[in-house]
Amino acid sequence: MSYLLAAPYVIFMAIFGIGPALYALLMSFSKSSAVGPQYWAAGLDNYSLAFGDSRFFQVFGNLLEFLIVSVPLGIGFVVLLALLLDMRPGRFSSALRLLYFIPGAVTGPALVLLVICILDPTISPFGPLFNFVGTMNFDGLVFPGSLPFVFTLMGFFSGAGMWIAIQHGGLQGISAEVIEAAELDGCNAWQKALYIKLPYMRPYIVYQTILIFALNVQLFVEPQLLTSTWVQANVPPQWAPNQLAYSYAFDVGNFGAAAALSLLMVAIGLVGAVVMIRLTGFFKLEA
Amino acid sequence: MKRALLLLAAVVLAGCSSTTTTPTVAPATATPVAPATPASVSTAVAVQSALAAAASAGIETAKVTDTTDPITVWIDQPRQPVVDGFKTKYPQYANLVTSTIVDRETFPAKDLLFNNTKSGWPDVVFAEPRLVGRVADAQHAYPLDLTGLVPADMLSQYAGADNCTFDGKVYCLRNDLAQFVTYYNTQLFTQFGYTVPKTFEDMQALSDQVAKDHPGYYLGTVGDGWTWLSYFEASGCPYAKQTNLTTLDINVTDPTCIRAAQLIDHMVANKTLWNTDLFTASWVQIANNNKLLMLIAPVWAALGTFKGTYYCPCTGSTTKTTPTITDKFLGVAAPLKWAADATAQTAAMGGAAWTISQHTKNQGLALLFAEYATQDPDLWNGSSNFASFKPLQGIFNAIVANDPIFASDPSAVFDQAATEISPVGDSWPRFDLVAPLTTVVKDMYSKKQTMEKTLPEVTSALTPLAKAQGYTVVNQ
């Protein structure tokens, strides 16, 4: 019975996760040609080509900057908002919770386009604000130095609502007795949040960190849309590692080098997750 | 007659040509809707005789065999009338032709996926020669060599056919040419007492005069890859010169690059050069406010952008002094040259072609379609594009000759400029140049740096792209 229950996950994981990863491994040693891939023909050529590309360190440097900005900021804001929602339960807070969730219902690329419009002072509702702080044009807001923050903003809009719901759900699980005891001991709302609720949220925060990290490593849609001919933002054509892999696959036609880069990203995601789990004893907490 | 009128209106509405660049997210931009202005009697007569001349040029010789294999045609939105027109003209093949509107920048990528699955290739694709070049390598192996399939005397009728010739093989039929020319506002030039520059040195001198006497007026804009190209290709700068199929020369330290950079720096500094592409709202606003003195822009901009976007009727706000599209004020002058150069050369922005798949099961029908698209006089009547097929050029000339936006007949200038398209632009490397060059230009503005000091970024932006494509990069 337990196998039956696990089966749907295992099957989909095999078809859409492990299978493609193994195929990528095969492709990374293969040569592309007009008549299809020639397996094992490339040796380590694809790896040396991709890792020796002068853009390689650039894109991973960009990614590192983005992760440093996006992971703490994203998680910090979500936890803060979830705690705030929990402080004053009531109709107002449930309405807000729904409001936070709505942007997450818009599909990723559409949301990115929305943020792009918001960041263009000539059409943005925040145009007067941008003018006030001294930036009159899109390029003044979106340029290589500001990109980690721009992408964090985009990611936050699309993902935060769901995470707030999850974290808030976690907070509901804290027993009323514990809260009551804290109140009897004279905790105010902030002390309750900091000393009682936050420790209870720990496993959820770890869980969110692992998933946000894995998700953000795969950054692609945001920079890709910004560099498209429709937007022509001041963004290098390949800003994120995924874009470099995409460019190898679809601009150059070298699926092998693209596969090599993709595998590297799988490795980064896996290592990140293992480190987090080890450091926090995640599975022990869960039990 | 009714159908012809509809078709005419559709083509006119299609407006802006085969350029790939598109406006930014800003609203009041491209999609120039030029309402069909009532053509004068003389225009009608001239167009009629041009049509007759084109029709007698003998076209569409492709032999369609009995095969009933359908073909798929990849087009963009403005090319829809081509498919509709073909189906009307050849009702017997109407149900064999399926069209799909695609973003053709993804064409090289999709072709690779079709190669992997060994099926699904489109039969005919509308794309610029630079994109055809990217699907012509051994990896993509998409296009059909048209040598022998299209008679040599017909091929010779296509201007700009060099761009379709790769390694001696003809991989596409040119649709239109998109040479840059110099547009200027004759009313303002007369009012200010200026003469139209013939050289870039004249232009720089004029810019100082404008900056001093009439600040706030503009002589052009540099803000993206295309506008950058219009200056650097005109100077003959070898920023990405394909010396052979595996070697790319990137040498921005060449004097031709330095002089173009210095001109841009000079004119950015004296505020006679704006900092966006041709379609951004802030630039359109400058034209709408009648602050546009002169602009280096492609041939299709005459009817596709100046008419309707820069000048009314248009969406932007205009001042009372701004001329309207019937005011006979737009001057068209030959591409500028550098005093030291013997001849002028011009960049091209767009100028697409039709390419046929070597995988097609119905070669005859695919060929017939490509020939119809590039050669049919009725189809081209009213187009804002400059046809590549020489017998059709008379139609465009007859249309512009009497269009009330022009101060005088510009057709001779367009014809001349068509022969001056830069050899650098003739053979683009196998990767996109516009996006990385746009980044370089924008970086210059954001760092408040000069173009001359930014030039090394051209090398660092293009070199990895070239190496990934298997080029050996040299800096000669």
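Predicted model: local features only at pLDDT ≥ 70, side-chain atom pairs only at ≥ 80, totals over all residues.
**Two chains, one contact: group meeting talk**

Read along the sequence, chain A goes α-α-α-α-α-α-α-α-α-α-α-α-α-α. That is 14 helices and zero strands.

The chain has 287 residues, and 34% of them count as buried. For the contacts, take pairs in chain A that are at least 6 apart in sequence: 68% of those join residues at least 24 apart.

Now the contact between the chains. How many residues does each chain put in? Chain B gives 32 residues and chain A gives 28. On the chain B side, the elements that supply two or more residues are α4, residues 107-117, α18, residues 434-446, and α19, residues 451-468. The largest share of that side comes from α18(B), with eight residues. Sorted by class, the side of chain B that touches chain A has 15 nonpolar residues, twelve polar ones and five charged ones.

Next, a sheet in chain B. This one is open, with five strands in the order β2-β1-β3-β15-β6, and the pairing is mixed. Which strands sit at the edges? They are β2, residues 97-101, and β6, residues 173-174, both of chain B, and each pairs on one side only. As a reminder, strands of a sheet pair through backbone hydrogen bonds, either parallel or antiparallel. In chain B, strand β3, residues 124-127, and strand β15, residues 353-356, run antiparallel and are joined by four bridges. To pick out one pair, B:Ala127 has B:Ala353 in β15(B) as its bridge partner.

I will finish with one residue of that sheet, B:Ile75, which is found in strand β1 of chain B, residues 71-75. Is B:Ile75 buried or exposed? There are 22 C-beta neighbours inside 10 Å, and the cut-off for buried is 20 or more, so B:Ile75 counts as buried.

What does B:Ile75 touch, once neighbours within four places in sequence are left aside? The contacts are B:Gln80, B:Val82, B:Val83, B:Ser99, B:Ile101 and B:Phe126. Of these, B:Ser99 and B:Ile101 fall in the range of edge strand β2(B), 97-101, and B:Phe126 falls in the range of β3(B), 124-127.

Note on methods: Residues numbered from 1 in each chain as written. Chains lettered and ligands numbered in written order. Contact = placed C-beta atoms within 7 Å. Nonpolar A, V, L, I, M, F, W, Y, C, P; charged D, E, K, R; others polar. Pairing = 2+ DSSP bridges. Buried ≥ 20, exposed ≤ 12 C-beta atoms within 10 Å, placed from the backbone.
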